[in-house]
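Reader: I am new to this structure. Please take me through the terms and show what stands behind them.

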Amino acid sequence: MKRVVSVSLGSSKRDHAARVTLLDEPLELRRVGADGSMERALELLREFDGRVDAIGLGGLDVYLNIDGERFVIQDGLRLMQAVRVTPVVDGSRVKDTMERRAVRWLAEHGPVPLRGARVLMVSSLDRWGMAETLAEVGADVVYGDLMFAAGVPYPIRTLEELKELGRKMAREICKLPIHMIYPVGEKQEREPEEKFPEYYREAQVVAGDFHLIRRYMPRDMAGKMVLTQTTTAADREFMRERGVRWVVTTTPVLDGRSFGTNLIEAALVALLGRRPEELTPEDFHRVLDRMDYRPTVIDLQS
Amino acid sequence: MATAQELYDALRDFAERYAAEPRLKVMNRDWNRVIHVAPTDLEDADFTLTLKDGVLTLQRGAPQAAQLVVRADSETLTDLFYGDISPTEPYMDGRLRVEASEEDTMRLDVITLMIWGE
């Protein structure tokens, strides 16, 4: 049986292992958290290198794609380069493909009509596919990257401006230590501190990375939809208590469990037996078609 | 090593470029800060950048109190404010020290990237 491991900079409290079937093949998937420590993540990567069929890097992105231009986060690259033998991926490519499909599916079948909906994306440079597709389907999007990543009270309201500012900032931001640009380790567990709550209040849909959404979430989220990657039962309870009506998770559910995109991308690399750089968006689409992929919509208040 | 006048000219150029980007006024409308620019290799060549209601002004001399202190050798500071180098590398290798909260450091970074980012 093929074995795939996700080494995440996130909390070890979310560690799990499962046997699943993907593309008719059994697979052992495991997630191991490094509690925000780069050194621990490096140790884990060296430990698994050569001993599993593919590795996913979680809790951070290595590549940011801004309208086709790729930027490399240096701390992520450091982790990736520690792996010498086993194919290693960060999940950004499958995330891009999957989130575009998820938004298109939601536009047709979701509980909130996306055309004209007021959407707050707390982070969009890490999910260009979602940002672009939300604009494509006619949502009225506030891109909150400057607000939530840098504390700058400047909502970005068009994809063009997001692209312009993203390109201005990304090259340098990517050189900063990961803890300066993304909550890692115990920061993910902290009590939320409201930040720009008026933008949460105005939005019908809050989208983006769940750790960021959670970190700045106000107490009253009544009736809103949260569109994010993957959530735990505790995350869903947290949102339910704050009144969130629907949570939509974009990551596929395998045998009743939701897995991070890095783990899914690593699983595909292991199953298809190809180098990560050989895989194309069409490969990802084919696999997602075979899985009959669609996002998961949960009504938290029913 | 740069002279005090070269550093002043770089800071003046920086302040002019700041004023020429109207979005910076909006972005920093709530961020009133005093920034002390402190070259480590020049005597009596400190400068003060003041941000108030989104407007940036430059004065000669050190402030009485500052929320941010930007410390480096005069050459690095001059290169930085002229946009010949980005702040990230000297910051990461220790040539540039920013004595401020993480959030204030990030906001100063955003200003330089808005002015000089590619």
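**Terms and what backs them**

Reader: In chain B, what share of contacts between residues at least 6 apart joins residues at least 24 apart?
Author: First, a caution: this is a predicted model. A contact here needs C-beta atoms within 7 Å. Among such contacts in chain B between residues at least 6 apart in sequence, 70% join residues at least 24 apart.

Reader: Why does the radius of gyration of chain B agree with a compact globule?
Author: Take the 118 residues of chain B. A compact globule with that number would have a radius of gyration near 13 Å. Chain B has 13 Å, so the two agree. Along its principal axes, the C-alpha trace of chain B spans about 35 × 30 × 25 Å.

Reader: What makes a residue of chain B count as buried, and how many percent do?
Author: The cut-off is 20 or more other C-beta atoms within 10 Å of its own. By that count, 32% of the 118 residues of chain B are buried.

Reader: Which helices and strands does chain B have, and in what pattern?
Author: Chain B holds five helices and five strands. Along the sequence they run α-α-β-β-β-β-α-α-β-α.

Reader: Where are the domains of chain A?
Author: Domain 1 takes in 2-91 + 256-294 of chain A, and domain 2 takes in 95-249. Their C-alpha centres lie 22 Å apart.

Reader: How many residues of each domain of chain A take part in the contact?
Author: Domain 1 of chain A gives 30 residues, and domain 2 of chain A gives 30 residues. On the domain 1 side, β5 (63-66), β6 (69-72), α2 (74-81) and α12 (281-290) of chain A each supply at least two residues. The largest share of that side is four residues, from α12(A). By class, the domain 1 side has eleven nonpolar, twelve polar and seven charged residues.

Reader: How many residues of chain A and chain B are in contact?
Author: 14 residues of chain A meet 15 residues of chain B. On the chain A side, α5 (145-150) and α6 (159-173) each supply at least two residues.

Reader: Which element gives the most to the side of chain A that touches chain B?
Author: That is α6(A), with five residues.

Reader: What classes of residue make up the side of chain A that touches chain B?
Author: Eight are nonpolar, one is polar and five are charged. Leu, Ile and Phe are among those that count as nonpolar, while Asp and Lys are among the charged.

Methods: Residues numbered from 1 in each chain as written. Chains lettered and ligands numbered in written order. Predicted model: local features only at pLDDT ≥ 70, side-chain atom pairs only at ≥ 80, totals over all residues. Rg over C-alpha atoms; globule rule 2.2 N^0.38 Å. Buried ≥ 20, exposed ≤ 12 C-beta atoms within 10 Å, placed from the backbone. Contact = placed C-beta atoms within 7 Å. Domains from an automatic or database assignment.
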